[in-house]
Every structure is written in C-alpha cells, then in structure tokens.
Amino acid sequence: MFTRFAKRLVAMVALVVAVVISSPDRPLAADPDKLNIAIILSAGIDNAWDGTLIEALERIKAAKPHGLEITWKYTDPLWGDDAGDAMRLFAESGEYDIIWAHSTYSDQVKKLKDEFPEILFVVVGSGNEGFGGNQYWVYKRVHEPAYLLGHIAGKLSKSNKLGAVGTFPADDVNDEINAFFAGAKAANPKIERTVAFIESWYDPAKAGEYTSAQIATGADLIFQLTGNFKPCEEAKILCFGNFQDQHSFSPSTVLSSAVAQWDPDVLWVIDAWWAHKSEGKPYAGNTEKHWFSMKDGGATIAPYRDLEARLPADVRAEVEDLKAKILAGTFEVPIDVSDPKAD
Amino acid sequence: MSQLFHEAIIISILASTLRIMTPLLFSSMGELVIQRSGIWNMGVEGTMLTGAFAAYLVATLSGSLWLAVIAAVLAGILMGAIIAFMTAVLRVDHFIAGLGLNLLAGGFTLYWFQSYIRGRAQPTFSGFEDVDIPLLSDIPFIGPILFSQRALTYLALLAVPAIWFLLYRSRHGLELRCLGENPKALDVKGLSVTARQFAAVTFGSAMTGLGGGFLMLGFSDRFLADFTAGRGWIVVVALIAGNWKPKGVFIAVAAFALLEALATHLQVLGAKVPHQLLLSLPYIASIGLLMGLRLRPGQPARLGVPYTRE
C-alpha cells in the first residue's frame with residue numbers, strides 16, 4: 001500500500017517537474033541580482049568625457065534598476081593594444097558582465113566579441129564601427145543645449161562676433177559647434193563666427209592662446225570646449241562650458257554649459273543585458289549611431305547660478321521657451337557635422 | 001586674412017609669442033647649462049611634467065602661487081639629482097637614463113594625481129595674472145606686448161643674459177664648459193668632474209622644473225595626464241638648433257613660439273589652409289632646421305660621453 005503511494009507521489013512530482021521544465025515562460029535561470037561593469041577610460045575621470053559617465057553610474061547605482069546591485073571598476077586612460085589587453089583580462093577573469101569602453105575602441109572589441117558572447121561590450125562616440133550582436137554603440141550629442149547656448153550668445157554679443165575653441169574636428173564635436181552658431185545666428189543674424197581646433201584633448205597653453213587670439217579678433221563670448229577659461233577671466237567676458245557644468249572652474253565667466261548625461265545610455269545598455277540574462281533575449285547591438293536627445297534626458301543645459309543676473313529676463317524667457325519646444329519635440333535642432341569654419 | 005595686419009592682431013601675436021616662449025626659455029636655459037656640462041639630458045619632458053605637477057599640488061593645497069613656484073623648482077632639483085646620480089655618478093648611458101626618467105615621471109605624476117583627487121571634484125586654482133609695469137605698459141604697441149606679461153615672463157627673459165654671463169664670464173662657467181669639452185683637464189687639476197656635473201644637472205633641472213611650473217601656473221587651473229604635451233622635446237630641439245649658445249637657443253625658442261602664435265591666429269582668422277598644417281608649422285620648421293644643421297660646431301665635444309678616468 002505504502003509502496004504504491006510512494007510510487008504515485010514520485011510520478012506526480014516527476015510530472016510537475018517535467019511540466020515546469022517544458023514551460024516556455026520559465027526563466028532560464030534565477031534573475032541576476034548583481035551587475036559588474038569594467039570600464040576602459042580614454043582620458044581619466046577628471047576629464048569631462050569620462051567623469052560624467054562615472055557620475056551617471058553613481059546615480060544609477062543608487063536607483064538600482066531591476067533591483068541590481070551595480071559595481072564597476074575603471075582603468076587609467078588606455079588606448080590601442082593596451083586597451084585591447086585590458087579588455088581581454090577583464091573578459092577572461094569571468095567577473096564582468098559588461099565591458100564599457102568609453103571611446104573609440106571597436107577595433108579592440110572586434111577581436112573579443114565573438115570569443116566572449118555572454119559579455120556585453122559597449123563602445124562610445126565617433127570613430128567606431130557598429131558590429132551589432134553583443135557590441136552596443138553609444139553615441140552622445142549635446143548639440144541641443146549647445147544651440148540654446150548659442151541663442152544666449154547671439155543675444156548678448158555686442159561685437160556680433162563669437163568664438164568656439166574645440167578639441168578635434170570630429171562628428172560629435174562639430175555638431176555642437178555648428179549648433180552653437182546656428183542658435184546664435186537664429187537669434188542674431190549679424191553674428192560672425194571664429195573657430196579653432198587645438199588638435200588635443202587637453203593642452204591648456206594651446207587652448208589659452210587660441211582663446212586669447214579669438215578675443216583679440218573681437219569675439220566677446222566664447223564656447224569653450226577645451227576647458228581653459230583663464231583668457232575669458234582676463235578679458236572679463238562670458239564663456240560657455242562643455243560636456244559638464246563647468247561653472248565651478250570659473251564662477252565669474254562660465255554662464256552656462258552644454259551638459260552630457262549618460263544616464264539613459266547606461267540604462268539602455270543595462271536593460272539589454274538584463275533582457276538577455278533573465279529572459280534569454282539575444283543581444284541585439286545597434287549598427288548605426290544611437291543617442292538620447294534632451295527630451296530623453298541625454299543632455300541638458302546647466303543652470304546660470306550666480307551669473308543669472310547677467311542674462312536679461314527676456315533672453316532667459318526665450319531660452320526657456322526654446323527649451324520647452326525642444327523637450328516637447330515641436331522644435332528640432334538640426335544636426336550639422338560638417339567642419340565648422342570662421343566667417 | 002587681411003585682419004592679420006591689424007595692429008590689435010599683431011599685438012596679440014607678439015604678446016602670445018612671449019607667453020609661449022616663457023616655459024620654453026626657462027627649460028632651455030636650464031638644459032643649456034646641463035648639456036654644456038657634457039650630460040645629454042633626455043629627461044626634460046619628465047622634469048617639466050614633474051615641475052608642473054608639483055606646482056599644481058602646492059597651488060591647490062596652499063593657495064600660494066609663489067610657494068607653488070618653489071615646489072616646481074624643488075621638484076626639478078629632485079629630478080635633476082636622479083639624472084645626475086645616474087649619469088655623473090653611475091655613468092649610465094645618458095639617453096637611457098633620460099628616457100627612463102620620462103617614463104617614470106609620466107606614470108608617477110598620474111598615479112599621485114589620481115590618488116590626490118580620488119573620490120572628489122578636481123581642485124583648481126587661479127593662476128598668475130598679467131603684471132602691467134607702470135608707465136611702460138602704456139606705451140602704444142610695445143607696452144601691451146612687452147610690459148603687460150606675467151611676472152615670470154620677465155624673469156625668463158632675464159635668464160638668457162644671466163646664463164650667458166654664467167657660462168662666459170664666470171669661473172664656474174669656464175669649468176662648466178670645460179666639463180663638456182675636456183673633463184680630463186679639470187680632473188688632472190684635482191677638480192671633481194662628478195661634483196661639478198652633479199651641480200650643473202641639478203641647477204639646470206631646477207630651471208627646467210620652473211618651466212613646467214610656469215606652464216601650470218601661467219596657463220592652466222588644473223592638472224591632467226601628460227600635461228606638458230611634448231614641450232620638453234621642443235627644448236631639446238631648440239638646444240641643437242641654437243648651436244648650444246644662449247643667443248642661438250633664445251632665437252630658436254622665439255622662432256618656434258612666433259610660428260605657433262602665427263599658426264594660432266591664422267586659424268582663428270579663418271585662413272584657407274588646413275588647420276592641421278598650421279598646427280604642425282612649428283614642428284615642420286624644427287625638423288627642417290635640424291636637417292639644415294648637419295654640422296654642429298657648437299656641440300660640446302664630450303656631450304653624452306660618460307667620463308671615466310682611464
């Protein structure tokens with residue numbers, strides 16, 4: 001009697017197990033509760049490009065998307081084969097779920113992505129190639145806030161001449177400078193442009209000399225993409241910062257900045273990784289540039305802080321109005337990636 | 001383009017030339033003393049970088065720019081002592097010692113910098129302002145070029161005649177030149193070659209460190225990796241192009257700085273030339289100059305040759 005009951009019980013348990021196993025809705029494994037990211041930096045966390053990513057990660061860590069406990073480790077600035085070696089070490093350690101290479105690293109990722117199909121690779125910005133699969137290509141455009149800064153500059157300029165000092169003439173640098181001047185010309189058609197590239201990510205001496213030269217030619221507001229505000233201080237003119245709120249670098253000159261926010265990009269990548277791990281969805285990295293606009297939280301304009309009084313109320317209102325239109329999607333800032341030139 | 005000849009632009013170009021010259025002048029005059037003593041110091045870039053970093057560290061910690069200048073000089077002395085110990089005492093190959101020092105400086109400053117700022121926003125400082133010399137700075141045209149510069153620029157310009165005097169009008173200078181030409185002559189007189197080379201390298205490196213310090217305190221408000229961006233190599237080129245003479249080195253540095261200032265303004269004025277070409281103008285000129293100077297009559301005869309008593 002007992003033996004028959006035991007046999008039935010075993011059979012029923014086996015049946016239940018078989019049904020559960022064959023169920024299409026069953027998770028493949030327990031949902032992950034930890035996410036470990038390896039980050040290859042290109043310039044160091046003190047640089048706006050890399051620093052803003054780490055700031056975004058801090059915010060996302062606190063928000064705990066999917067209930068994940070997020071940790072990361074970043075490298076010193078690495079390029080070329082060194083970056084490739086670091087990626088391989090991270091991948092082979094088996095400790096990292098995402099390898100986020102925060103610049104032009106698709107050449108290095110190409111050699112690793114198929115060997116480590118479970119790892120999600122990220123490359124960022126211009127100069128990359130979109131392979132798809134487990135490589136996601138994050139792009140950043142801050143042309144919309146740059147357009148708003150241009151509007152301010154166009155309205156405030158007395159000499160009708162504006163300057164922009166850039167790093168390298170790349171797709172995602174040109175779009176900002178062109179948008180800045182487009183905004184300025186829309187606000188004041190008499191505006192003349194002067195543009196310079198220092199061909200370096202950071203060389204304060206060169207950046208300073210180019211800025212001083214622009215001021216000497218009559219520019220009275222500068223869109224400073226190279227981080228040196230000293231010439232603006234000396235000439236007592238207003239400048240605009242780039243990529244992060246750079247007011248603290250020069251409180252007397254930096255009226256506002258075009259700010260990059262990586263939060264939606266990081267969440268986009270985490271969601272893709274989560275869908276792969278918990279739902280078994282194959283990775284489907286993008287092959288074309290993918291960015292989040294101001295509307296989606298990918299960029300913003302920094303507050304005016306204690307320089308707000310330098311901005312007339314009507315200009316402030318115009319900027320707010322333009323910003324509202326951009327956020328509502330009723331006004332689109334054109335993307336122009338051609339090499340900006342002086343007039 | 002026609003704007004290039006406007007007075008305001010010419011003033012800006014020449015004032016910019018003096019600013020660009022300043023760090024190069026300090027470092028090249030220091031390097032001149034070192035090379036005239038027979039040590040071919042390739043560690044200029046690393047010494048400038050360490051001087052710049054020391055200046056940054058002290059400027060942000062103390063808030064005093066002049067303390068930061070002293071720190072840059074001390075950092076230069078420390079780097080010079082390492083180079084001098086390796087070349088004058090241990091008699092290591094000069095090139096290897098210098099290149100090794102550059103690598104050390106690049107890694108060490110980055111490591112210290114990262115440790116210093118870890119977990120917080122990078123501290124910045126407010127660097128040197130221009131000093132208007134009363135009355136002189138009001139002279140039309142010349143005033144804003146020559147007499148409205150940072151205080152250290154005046155010192156850098158004074159360093160040229162000072163080094164000339166040291167080399168050609170003092171006993172120390174005579175001994176120093178002798179170290180580079182015929183160190184045995186000093187040795188047989190019972191004068192220590194090692195001690196004199198050690199002193200020359202530490203003194204010269206102090207000036208090189210000051211050059212790096214000015215680059216930081218005169219141009220920037222913060223530090224970043226590889227901050228000196230190859231200026232140490234320009235100094236080495238200026239020494240060769242200037243035929244190891246104070247006047248020649250001064251002209252080489254001035255020519256380099258003028259070309260850079262011109263390139264800067266041409267780009268800003270929208271010259272119809274690719275800006276990459278303008279940016280490389282000073283470097284192309286340097287290479288051209290080196291190619292033209294196949295004969296180096298001024299090169300110290302024993303430059304780069306470790307001295308050993310046979």
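**Exercises on a predicted two-chain model**

A disulfide (a pair of cysteine sulfur atoms within 2.5 Å) joins Cys232(A) to Cys239(A), with an S to S distance of 1.8 Å. The model is predicted, so local features need pLDDT of at least 70 and side-chain atom pairs pLDDT 80 or more, while totals for chains, interfaces and linings use all residues. Residues are numbered from 1 along each chain as its sequence is written, chains are lettered from A in the order in which they are written, and side-chain values use heavy atoms, leaving out hydrogens and water.

**Exercise 1.** State how many disulfides the structure holds over all chains, and classify the accessibility of Cys232(A) and Cys239(A).

*Solution.* Over all chains there is one disulfide. Buried means under 20% relative accessible area, exposed over 50%, and partly exposed in between (1.4 Å probe, protein chains only). Cys232(A) has 0% relative accessibility and is therefore buried. Cys239(A), also at 0%, is buried. In chain B, Cys178(B) has 21% and therefore counts as partly exposed.

**Exercise 2.** Describe how helices H2 and H10 of chain B pack.

*Solution.* Axes are lines fitted to C-alpha atoms, for helices over the stretch in contact, and angles run from 0 to 180 degrees between N-to-C directions. H2(B) (residues 44–62) and H10(B) (residues 231–241) pack at about 135°, with axes 7 Å apart. Angles under 35 degrees count as roughly parallel, over 145 as roughly antiparallel, 65 to 115 as roughly perpendicular and the rest as oblique. H2(B) and H10(B) are therefore oblique to each other.

**Exercise 3.** Locate Asn160(A) and Arg305(A), and give the phi of Asn160(A) and of Arg305(A).

*Solution.* Asn160(A) lies in the loop between helix H5 (143–156) and strand S6 (161–166) of chain A. Although not a glycine, Asn160(A) has a positive phi of about 60°. Arg305(A) is in the loop between strand S11 (299–301) and helix H10 (313–328) of chain A. Arg305(A), likewise not a glycine, has a positive phi of about 50°. With a relative accessible area of 44%, Arg305(A) is partly exposed.

Conventions. Helix = DSSP H or I, 4+ residues; strand = E, 2+ residues; numbered from the N terminus.
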